[in-house]
Amino acid sequence: MRLWLRLLACSTLIESELRRQFRETFNFTLPRFDILAQLDREPGGLVQGELSKRLMVSQANVTPIIERLIADGYVTRRPSNLDRRIQIICLTVEGRQKFRRMAKKHSAWLADVMAGFPEDDIDDLVKKLASLKRVVVANRSDGGR
């Protein structure tokens with residue numbers, strides 16, 4: 001329980017700071033940034049279902065955010081060539097440029113938040129959390145799906 005509460009507290013504190021920075025600096029939300037980040041990794045775009053899976057949220061949560069990103073000109077949605085019912089979400093040139101600017105700031109904000117935490121401790125913590133993630137995935141009631 002102590003570990004869970006400590007992880008949650010750290011995550012919440014960092015996320016709150018990132019949300020504030022995105023709002024104040026870019027008038028942008030963290031979920032919108034997260035979608036752009038996933039799409040930046042996939043130049044050919046992503047099926048909306050895969051995008052929601054990667055973000056670990058439902059498609060219903062992703063749909064209004066995608067609609068807003070389309071309206072703002074940051075992403076496009078087009079039907080798949082293989083199945084017209086499947087929608088592919090892609091970054092526009094403007095969306096990629098916006099994401100890259102924000103990603104630089106995002107990295108700087110994280111560095112600022114974690115300033116003073118020793119690099120060796122960061123490396124050790126990353127390894128331990130990777131190990132914890134493997135155990136949690138293996139022990140999930142859905143068999144890790």
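Welcome! Helix H2 (residues 30–40) and helix H5 (residues 93–113) have axes that come within 10 Å and cross at roughly 110 degrees. That makes H2 roughly perpendicular to H5. This is a predicted model, in which local features need pLDDT of at least 70, side-chain atom pairs count only at pLDDT 80 or more, and totals for chains, interfaces and linings use all residues. Residues are numbered from 1 along each chain as its sequence is written, and side-chain values use heavy atoms, with hydrogens and water left out.

**Overall layout**

- The protein has six helices and three strands; helices (H or I, at least four residues) and strands (E, at least two) are DSSP runs, numbered from the N terminus.
- Along the sequence, the pattern reads α-α-β-α-α-β-β-α-α.
- Taken along the principal axes, the C-alpha atoms of the protein fill a box of roughly 50 × 40 × 20 Å.

- For the angles, axes are lines fitted to C-alpha atoms, for helices over the stretch in contact, and angles run from 0 to 180 degrees between N-to-C directions.
- Angles under 35 degrees count as roughly parallel, over 145 as roughly antiparallel, 65 to 115 as roughly perpendicular and the rest as oblique.
- The crossing of H2 and H5 is left-handed (left-handed if the near helix is turned anticlockwise from the far one by less than a right angle, right-handed if clockwise).
- H2 brings Phe33, Leu36, Ala37, Leu39 and Asp40 to this contact, while H5 brings Gly95, Arg96, Phe99, Arg100, Met102, Ala103 and His106; contact means heavy atoms within 4.5 Å.
- Seven nonpolar, two polar and three charged residues make up the contact of H2 with H5 (Ala, Val, Leu, Ile, Met, Phe, Trp, Tyr, Cys and Pro count as nonpolar, Asp, Glu, Lys and Arg as charged, and the others, Gly among them, as polar).

**How H1 meets H5**

- The axes of H1 and H5 come within 11 Å and cross at roughly 135 degrees.
- That makes H1 oblique to H5, and the crossing of H1 and H5 is right-handed.
- On the H1 side the contact uses Ile14, Glu17, Leu18, Gln21, Phe22, Thr25 and Phe26, and on the H5 side Lys98, Arg101, Met102, Lys105, His106, Trp109, Leu110 and Val113.
- The contact of H1 with H5 holds eight nonpolar, three polar and four charged residues.

**How H1 meets H2**

- H1 and H2 have axes that come within 9 Å and cross at roughly 90 degrees; the two helices are therefore roughly perpendicular to each other.
- Glu15, Arg19 and Phe22 of H1 touch Leu30, Pro31 and Phe33 of H2.
- Four nonpolar, no polar and two charged residues form the contact of H1 with H2.

**The largest pocket**

- The largest pocket holds about 1,600 Å³ of space. On a 1 Å grid over the protein atoms alone, a pocket is an open set of points where a 1.4 Å probe fits, with protein on both sides within 12 Å along at least five of seven lines, and lining residues have an atom within 4 Å of a point. Grid points are joined across faces, edges and corners, and a volume is the space filled by probe spheres set on the points.
- This pocket is lined by 36 residues, of which Leu7, Cys10, Ser11, Ile14 and Leu129 are the closest to its centre.
- Helix H1 (2–26), H2, helix H3 (48–55), H5 and helix H6 (119–139) each give at least two residues to the lining of the largest pocket, with the largest share, eleven residues, coming from H1.
- The lining of the largest pocket has 22 nonpolar, four polar and ten charged residues.

**The second largest pocket**

- The volume of the second largest pocket is about 290 Å³.
- Of its 13 lining residues, Pro31, Asp34, Ile35, Arg54 and Leu55 lie nearest the centre.
- H2, H3 and helix H4 (59–71) are the elements that give two or more residues to this lining, and the largest share, five residues, comes from H2.
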